[in-house]
Amino acid sequence: APGGCLIELCIQLGIIMLGKQLIQNNLFEIGVPRMKKLFRKLKDERAETKVSSHSDAAQEPQQWDLDYNLEPFTGLTPEYMEMIVQFGFVTLFVASFPLAPLFALLNNVIEIRLDAKKFVAELRRPNAERAKDIGIWYNILSGMGKFS
């Protein structure tokens, strides 16, 4: 073949950039928290029916109770991992798939909105921790940039 395996690599990167990152990751960012929230809500309603049968005065829940029932914050490692993988695909394979930066930009625009909704409405507020920089992630990004 005159192009070698460049066409196959371009097709595979297109599938990864569009299928995996844009569709699959974003569906999981929407679907998994909603399913967890639904299961927690059903569990809380079962517990409330047992408690409410004993007491007649049903109060409207306070805001701190609603906030406590949100999913606990587990850290930013999955968010960093997603961005590192995307950065790697874009920088290492831009010669074989020139549309990768455009798809990455589109994915990041959607990802920002989904993460904002997730952090505001789905997760508990994280505990504040001081950090000098992004830690080992900087070394990984620097190494990938030098390698590309």
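Modeller: Let us begin with a lining. The residues that line the second largest pocket divide into eight nonpolar, three polar and seven charged. Here Ala, Val, Leu, Ile, Met, Phe, Trp, Tyr, Cys and Pro count as nonpolar, Asp, Glu, Lys and Arg as charged, and the others, Gly among them, as polar. This is a predicted model, in which local features need pLDDT of at least 70 and side-chain atom pairs count only at pLDDT 80 or more, while totals for chains, interfaces and linings use all residues. Residues are numbered from 1 along each chain as its sequence is written, and side-chain values use heavy atoms, with hydrogens and water left out.

Biologist: What is the volume of the second largest pocket, and which residues are the closest to its centre?

Modeller: The second largest pocket has a volume of about 390 Å³. Of its 18 lining residues, P33, T74, P78, E79 and K118 are the closest to the centre. Two or more lining residues come from each of α1, α3 (77-93) and α4, and α1 gives the largest share, six residues. A volume is the space filled by probe spheres set on the grid points, which are joined across faces, edges and corners. On a 1 Å grid over the protein atoms alone, a pocket is an open set of points with protein on both sides within 12 Å along at least five of seven lines, and lining residues have an atom within 4 Å of a point.

Biologist: Why is α3 called roughly antiparallel to α4?

Modeller: Their axes come within 10 Å and cross at roughly 170 degrees. Angles over 145 degrees count as roughly antiparallel, and therefore α3 is roughly antiparallel to α4. In α3, E79, E82, M83, Q86 and V90 meet residues of α4, including N107, D115 and K118. Contact means heavy atoms within 4.5 Å.

Biologist: What makes D115 count as buried?

Modeller: Buried means under 20% relative accessible area, with a 1.4 Å probe and protein chains only. D115 has 13%, and therefore is buried. D115 lies in helix α4 (residues 100-122) and touches E29 and E79, not counting residues up to four places away in sequence.

Biologist: How do you know that L13 counts as buried?

Modeller: L13 has 4% relative accessibility, so it counts as buried. L13 belongs to helix α1 (residues 6-52). Leaving aside neighbours within four places in sequence, L13 is in contact with F89, F93, S96 and F97.

Methods. Helices (H or I, at least four residues) and strands (E, at least two) are DSSP runs, numbered from the N terminus. Buried means under 20% relative accessible area, exposed over 50%, partly exposed in between (1.4 Å probe, protein chains only). On a 1 Å grid over the protein atoms alone, a cavity is a set of points where a 1.4 Å probe fits but cannot get out, and a pocket is an open set with protein on both sides within 12 Å along at least five of seven lines; lining residues have an atom within 4 Å of a point. Axes are lines fitted to C-alpha atoms, for helices over the stretch in contact, and angles run from 0 to 180 degrees between N-to-C directions. Angles under 35 degrees count as roughly parallel, over 145 as roughly antiparallel, 65 to 115 as roughly perpendicular and the rest as oblique.
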